[in-house]
Amino acid sequence: MLFAVFVFWVCSAVGVAAQTNDAAVVQILAFEDQDLVNQGSGFYVDGAGTVVTAGHLLRRQNKILVVGSDGERRPASIVKMPDDIDFAILRVSTAPKDGVSPATFAAVAPSKSDVLSIKGYWASGPEPERGWSLFGPERPDFIAAVQEKGDPVRAVVDTASDAGAVLFAAAGRGAYGGPALNACARVAGMVARAPSKSDEDLWKPHIIEPKVSLIASARIVAILRDAGVTPSVAAQDCKTEAASKEKAASAKAATAEKKRKAAEQKAKQAEKKAKEAEKKAAEADKEKEKAKKEAERVKQDTTKAVEGLSQRVDEKSKALEAEQEQRKRYMIYGGIAVLALLILSFLLWSKRKRDLRNAEAEIEAANARFNDCLLEGTDAAGAPLALRVSGRDLIKSANGVVFGRNPDMADMVIADDTVSRRHARIMVRDNRLYLEDLGSTGGTRINGETLDADGGLANVATNDVIELGGVKLTLKVLEG
């Protein structure tokens, strides 16, 4: 009895410490009273807490616990367990917390030579030899063994059909019930026992090698739907999805090229307007010169009139008064004309100057650019990582470029668990580069200093070290 309690305590401890690369993948623990009698893997297929796993894990039990990546132990009950297939549907007592997205099944079955990734909880080698109970039922005593690193195992498809597949791989027996994912992270099938293996064979310590038996996603989906569960199934196969993304990228590039040509056309139009403004200014100068000559002529005519009137003062006093009045009118009209021409010339000159300034501003805006940025470093696991941010995207986008884990929410995708779905934003303001944290969970740091989660821009430059969660990158602003 004391040994059984010790085994139960060990299981509780390792269940919390277990790690996995996908929150939808869980560990399955089967108990008989207080004794752990079997363990394996499974994964959520909907948001209501429905889990699928290998049926043989549940042969000798009266209590089932599901342990997720958050370490919480959730009791579960069997919904359906067909006799003709190593498969079972479970329902946990409480649905998983927000942030645990259920697995999505592949649209088509895998083909021969496809590469899949098996995820789950297993030891790196065969489990230790088990002793036999001195008292009680005749079955091996069981000590839990879990995967420490959580790294997925790569597997190559040997044979495949609509019902299942056989893979070349090497995974611990805890992988039974775990998902096999294709290149688009869709569930291509579930690891199950080989048809040639009996329950007694599976109780023995072993590694599932060199061939792994797989139940195809189409058969799992059919069983789930028959049980009233609605799983998520991809709308298209992985290759078509990749082609769609490539097509979208090409369309985006074509749109950018169209915008560039439009900017060039706008610059040409601005240049044309500037030339027209210069032409109008030259015409204004000519009009000004003409007005000046006219004023000079009026002045000369007025002087002659004054001289003539002076010579006839004695003879025509009354005529002199009339001529003097007329001269005054000429002077007033001439002055008004000269003033009007001066004001018109000043307005035309001011307009020409404004048009030139506006044309220069439009040309400068059309030719604005910023160099590409290269970020090199490692992800949270120490694997090399490099990202290149287009300077054109930075200068053209008012909102900058967003880094994150979710392809639907980020412009630059970083597939690392320590990176939030929308983690940080890099942008250009006044021809300088800035970084902003978007309320990430893992935090954003520049040269070791943490950015405020409430927002605010921080200037970054070449050779600065940027940390996004566990991802560490060095910034280089490329020349040319």
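The model is predicted: local features require pLDDT of at least 70, side-chain atom pairs count only at pLDDT 80 or more, and totals for chains, interfaces and linings use all residues. Residues are numbered from 1 along each chain as its sequence is written, and side-chain values use heavy atoms, with hydrogens and water left out.

Of the 480 residues in the protein, 39% are buried (under 20% relative accessible area; exposed, over 50%; partly exposed, in between; 1.4 Å probe, protein chains only). The protein contains six helices and 27 strands (DSSP runs numbered from the N terminus; helices are H or I of at least four residues, strands E of at least two).

Five strands form an open sheet in the order 20-19-21-22-25, with mixed pairing (two strands pair if DSSP finds at least two bridges between them). Strand 20 (412-413) and strand 25 (458-459) stand at the edges; each has a single partner strand, so one side of each is left without a neighbour in the sheet. Strand 19 (residues 401-404) pairs with strand 21 (residues 424-429) in the antiparallel sense over three bridges. Val-401 has Ile-426 of strand 21 as its bridge partner.

Ile-343 is found in helix 5 (residues 317-366) and is partly exposed, with a relative accessible area of 45%.
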